[in-house]
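Subject: the three-chain model, plus notes

Hi,

Here is the model I promised to pass on.

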Amino acid sequence: MADANKGQPDIDPSDEKLVKDIAALARIEIEPGEVQMYASQMRAILDYFEDLKQIDLSGIDPTVQIHPLGLTLEPDEIEPGLPVNAALNISLRRRGNLLCVPRIVNPEEEADAGA
Amino acid sequence: MHSDLAYKTIHELWDLMNNGLLDPQDILESCRENNALWEPEIHAFREHYFSDVNVKASLQFLPSGFLGGIPFAHKDNISAKGFGTYCCSKILDGYVPPYDAHATELLLAAGGLMIGRSNMDEFGMGSSTEFSAFGPTRNPWDTSKVPGGSSGGSAAAVASGQAVFATGTDTGGSVRQPAAFCNLVGLRPTYGRVSRYGLVAFASSLDQIGPICRDVHDCALVFSIIAGHDPRDSTSNPTLLPDLLETLDDGIEDLTVGFLVDDLGDAVDAEIREKMDEWVGFFSVKSKGVLPIDLGSLKYALSGYYIIAPSEASSNLARFDGIRYGPTIETDDLGELYKTTRAGGFGPEVKRRIMIGTFALSSGYYDAYYLRAQKIRTRLKAKFDEAFKEVDIIICPTSPEPPFPLASKVDDPLKMYASDYYVIPQALAGVPALSIPGGFTKNGLPIGLQITGRAFDEATILRAGKAFEREHDYISKRPKPPADKGGEN
Amino acid sequence: MPIAFKAANGREYEAVIGMEVHAELLTRSKMYCRCKSCFGDPPNTNVCPVCLALPGSLPVVNRFAMLLGTRTALALHCNFADKRFAQFARKHYFYPDLPKNYQITMYAYPIATDGFIEIWSGDAARRIGIERVHLEEDTAKLFHEADGTSSIDFNRAGIPLIEIVSKPEIATPEEAKLYLKELRDILRRNGVSDGNMEEGSFRCEANISLRPLGSEKFGVKSEIKNLNSFAAVEKALNCEIERHLVIYGRGEEVRPDTRGWDDAKGDTFHMRYKEKADEYRYFPEPDIPDVYISYKMLTEAKEGVVLSPFEEKQKLMTEYRLDYHTANIIAGREGGAAFFGKACAAGADPVEAMKWMTGEFFAFLNEENLEIGATKIDGANFAEFLGLVAEGVISGPVAKELLREISGTGEKAESLVERKGLKQVSDDDALMPLIKEAIAGNPKAIAAFKAGKMQAAQALVGQVMKATDGKANPKRVSELVREFLEKEVE
């Protein structure tokens, strides 16, 4: 991913702000009391990963598929899917033949969708 | 004792049924007796169907196949149409899939009777089944100890005679380690052998469904049923499966056996090191010869796994937002819907891994973590390929330690991760590995012997396992039922 | 030569515009599952575990979508990577219209890159670069309800989309519009998408920045969404140019943002600031193996590629020496250039073919709201028809009717003329009696003619035409009438 590496960050990964940012990205609410715990656990885990930086991995390609595999391409034929009730009754947010969600309140929630 | 029936193997029961000496009802009854005896103590199932009249009735209509009516415990993360599939997580509490996983279809078509949903570490994340949102499972061999994880419920169900076999899933050892902790046979297939369609994804490039059985023959049988190409899974491998039963008894005289040299030192229990020496002795006599195999420091593999798996998990678990399935909350704010549903639905280990994974995939860190971990993987696979030029199989312990006490590691993630040292490399390299009963500690706790083979060469590791099994009678041992434990020493 | 826009402070700027288009593919089923891909079905009736993102579901790629993606790459003159490698990737963000909360798209390795589209801008042909072409899946449809909630219909989730990103080489809003038209027509003609902006099967976003004239460094970008028509694109970009110029004119800096277009107000409006890049956590899709587009697929895709409207116009201009305007009209019609080419190949005179096509034929098509392909006339029959006209076998008025008839029935021109006896009457012996009859019945005409009103002759010609059902040769009739009248006058 050519542009994914925006330079080595200097921030200590256990930084509480980083934990909060990650929790926000992952849409998981972390109680204020828990932030420190996650921060120190993450720090410990990431310290453990420090050894990764030592070994020489130059000239090695990252694995994408572990065994070479041709791509399955299916013919463009319609197959029956789920009946409406089977699809919607597993949700607790069913309203008529649609699912209902709260509207975006914070405009920042509205994602930069590709479509 | 009637409950003895449940301790027979599939092939023994099949022979009896075939000869008219046994009815599937008898086997079910035997399992039910063990259920009454064991389950209050060990909690192998999140839910079971022993009291369900429909289950007993369904025995009348089972398709005839090798598994004609034989009860099995089905891990709670493999979709079964019409049956709760919660992955033992609160975020899927109440979720009943409208479709079957490929493996479920195959097992039911072969006549298997799904007798319950095995308890597991939530979403497969854990090595002790203590991270289930529905309470831990206890090891039938010593109920103060863990049964291993994440397929601990499946292993415990079979070990306690509540099921004749079980399904598990292995992402970083979760079939093999519980099998080892419960004196059972567990197989992690080559990646792509068993379809993942319907398996709730944890780490897409590592997950595989595998059998947990009483003996190697059963394992080969169940694996033959569930393996095979499935066009609904694009990572499913079309490599043909040979007839595994045909070569099962061929012995190991033609094999060169590698034994793993590790850098764990004292971290491996002394009794397990002793057992390893015994195993090497056995193989050196029975096979063409043994060689030490050094795959380099597998600590790198551990690090690599604990980046790749959480990264893929953080992605696969993004879909759990309370909208299309699972519990949801009342709110006017969409942001709150996501954050609160997920915070309340995921347990602490799952949250931890999602955080690590989200971090490792984010720009600025992706190269240093995820990308590097995938390079470690390439390097490790190359090392296995090198090793398999010299040897046909590699043996090592399944776990560096015997089953450990409950609550001894839950607060220390790193400690928990280290117990996966021997089972993670095979997952990363995509190669198959079999854990078989390898002996017991002085205190009667099971020790597992792990046999690793080349990709797509389950046939060789199975016959090697069978050769060992034939000469060592570990599989006939049984854990003492709870009632007995009270009285005896 | 770049177009200059002047700010209040007197400085001149040039515009740098890029377009991003998403088009729904004309497949029967969805991108990663075999649910029906369709607009307008009752909500949530085309869904399955995959497009609903049920736990345990897995994607399986639609072969025809891959073929259409490949065909598009070829039609846009793109380059494939080594071994024609491409790779699906996950793009993460949370939104109710995205069931997995990630989209399976392509990131580091699209289907193809570095292509171009050609357009006519003013008098010159311009080449606009294409950055990349890739495949991805559409989102579900969200409806905003009156009670402050939203409803989700998953029918659209998973429908195949092709994304085409231009290089930032468009210089004016008008060029942007021409680019979009050309791209839309290319997609339509190659059977890739029906390119319908109103129905949402063709969506575009524009990026625009200004920089001092002649500068190489990019200026600050504004992104514009919610563009519902080509006209809106042009208007919105013009608004943005003005807005940027005003800001620069004041000596200030433009702040990069995402904007929407308000058609009613005729202006863009601020939606949100894009201070930092979105964190999508792209990584290769582990559930889909690497793509190597096969030689077989490449060949199949190539077979379906047709010339773009620009290329067709070029061909008309160079091969048949038509002027730009005429070539534009002919090639602008779907199937027009091919039809013209076939007619000429069958022996038609290009000038006559051009006259009749851009005149009577297209007028007829417009009246009946038809495309060429919907008629029963082919190039060869048209050539035959033109031959009959050129030889004077049929008269002008008859020809017009004949053309309509053979478009409707497909009957060969010659046989229809024979069958209905439509041959033009040019024989003087046949015509004279009719002329005498017309004149006899119209004494005022002679009087008018004597008085110097030449148009009187016309009325007589008209009468003869009517009497012969248009079959009389109007030129000859006119000559004969004149001769006769002039004799009378003498």
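One definition before anything else: I call two strands paired if DSSP finds at least two bridges between them. Also keep in mind that this is a predicted model.

Strand E5 (residues 88-92) of chain C runs antiparallel to E6(C), and 5 bridges join the two.

**Chain B overall**

Chain B contains 17 helices and 11 strands. Its radius of gyration is 21 Å, close to the 23 Å that the globule rule gives for 489 residues, so chain B is as compact as a globular protein of that length. The C-alpha trace of chain B spans about 65 × 55 × 50 Å along its principal axes. As for burial, 63% of the 489 residues of chain B count as buried. If you take the contacts in chain B with a separation of 6 or more, 76% of them come from residues 24 or more positions apart.

**The sheet in chain B**

Chain B has an open sheet of 11 strands with mixed pairing, in the order E1-E3-E2-E4-E6-E5-E10-E11-E9-E7-E8. At the edges sit strand E1 (45-48) and strand E8 (289-294) of chain B, each pairing on one side only. On average, neighbouring strands of this sheet are turned by 30° against each other, direction ignored.

Helix H16 (residues 458-471) of chain B packs on the sheet, where it touches E5, strand E9 (393-397), E10 and strand E11 (446-453) of chain B. The direction of H16 makes about 145° with that of E11(B).

Now for strand E6 (residues 208-213) of chain B: why can we say that it is largely enclosed by the rest of the structure? The reason is that 6 of the 6 residues of E6(B) are buried, so the strand is largely enclosed. In a regular strand, side chains alternate between the two faces of the sheet. Both faces of E6(B) are covered: B:Gln208, B:Gly210 and B:Ile212 are buried on one side, and B:Ile209, B:Pro211 and B:Cys213 are buried on the other.

E6(B) has these partners:

- Strand E4 (residues 165-170) of chain B pairs with E6(B) in the antiparallel sense over 5 bridges, and B:Asp170 stands opposite B:Gln208.
- E5(B) pairs with E6(B) in the antiparallel sense too, over 2 bridges, with B:Val185 opposite B:Cys213.

**Where chain A meets chain B**

In this contact, 46 residues of chain A touch 59 residues of chain B. On the chain A side, H1, helix H2 (32-48), helix H3 (50-54) and E3 each supply at least two residues. H2(A) gives the most to that side, with 6 residues. By class, the side of chain A that touches chain B has 30 nonpolar, 7 polar and 9 charged residues.

There is a helix pair across this contact as well. Helix H1 (residues 16-25) of chain A and helix H12 (residues 348-361) of chain B pack at an angle of about 95°, with their axes 9 Å apart. H1(A) and H12(B) are therefore roughly perpendicular to each other. A:Ile22, A:Ala23 and A:Leu25 in H1(A) meet B:Met355, B:Thr358 and B:Phe359 in H12(B). That contact has 5 nonpolar, 1 polar and no charged residues.

**Where chain A meets chain C**

Here chain A contributes 37 residues and chain C contributes 50. Strand E1 (73-74), helix H4 (84-88) and strand E3 (98-102) of chain A each supply at least two residues of the side that touches chain C. E3(A) gives the most to that side, with 5 residues. By class, the side of chain A that touches chain C has 22 nonpolar, 6 polar and 9 charged residues.

Strand pairing also crosses between these chains: E1(A) and strand E3 (residues 61-62) of chain C pair in the parallel sense over 2 bridges. A:Glu74 stands opposite C:Asn62 in E3(C).

Cheers

Note on methods. Residues are numbered from 1 along each chain as its sequence is written. Chains are lettered from A and ligands numbered from 1 in the order in which they are written. This is a predicted model: local features need pLDDT of at least 70, side-chain atom pairs count only at pLDDT 80 or more; totals for chains, interfaces and linings use all residues. Helices (H or I, at least four residues) and strands (E, at least two) are DSSP runs, numbered from the N terminus. The radius of gyration is taken over C-alpha atoms; the globule rule is 2.2 Å times the number of residues to the power 0.38. A residue is buried if 20 or more other C-beta atoms lie within 10 Å of its own, exposed if 12 or fewer, and partly exposed in between; C-beta atoms are placed from the backbone. Two residues are in contact if their C-beta atoms, placed from the backbone, lie within 7 Å. Axes are lines fitted to C-alpha atoms, for helices over the stretch in contact, and angles run from 0 to 180 degrees between N-to-C directions. Angles under 35 degrees count as roughly parallel, over 145 as roughly antiparallel, 65 to 115 as roughly perpendicular and the rest as oblique. Ala, Val, Leu, Ile, Met, Phe, Trp, Tyr, Cys and Pro count as nonpolar, Asp, Glu, Lys and Arg as charged, and the others, Gly among them, as polar.
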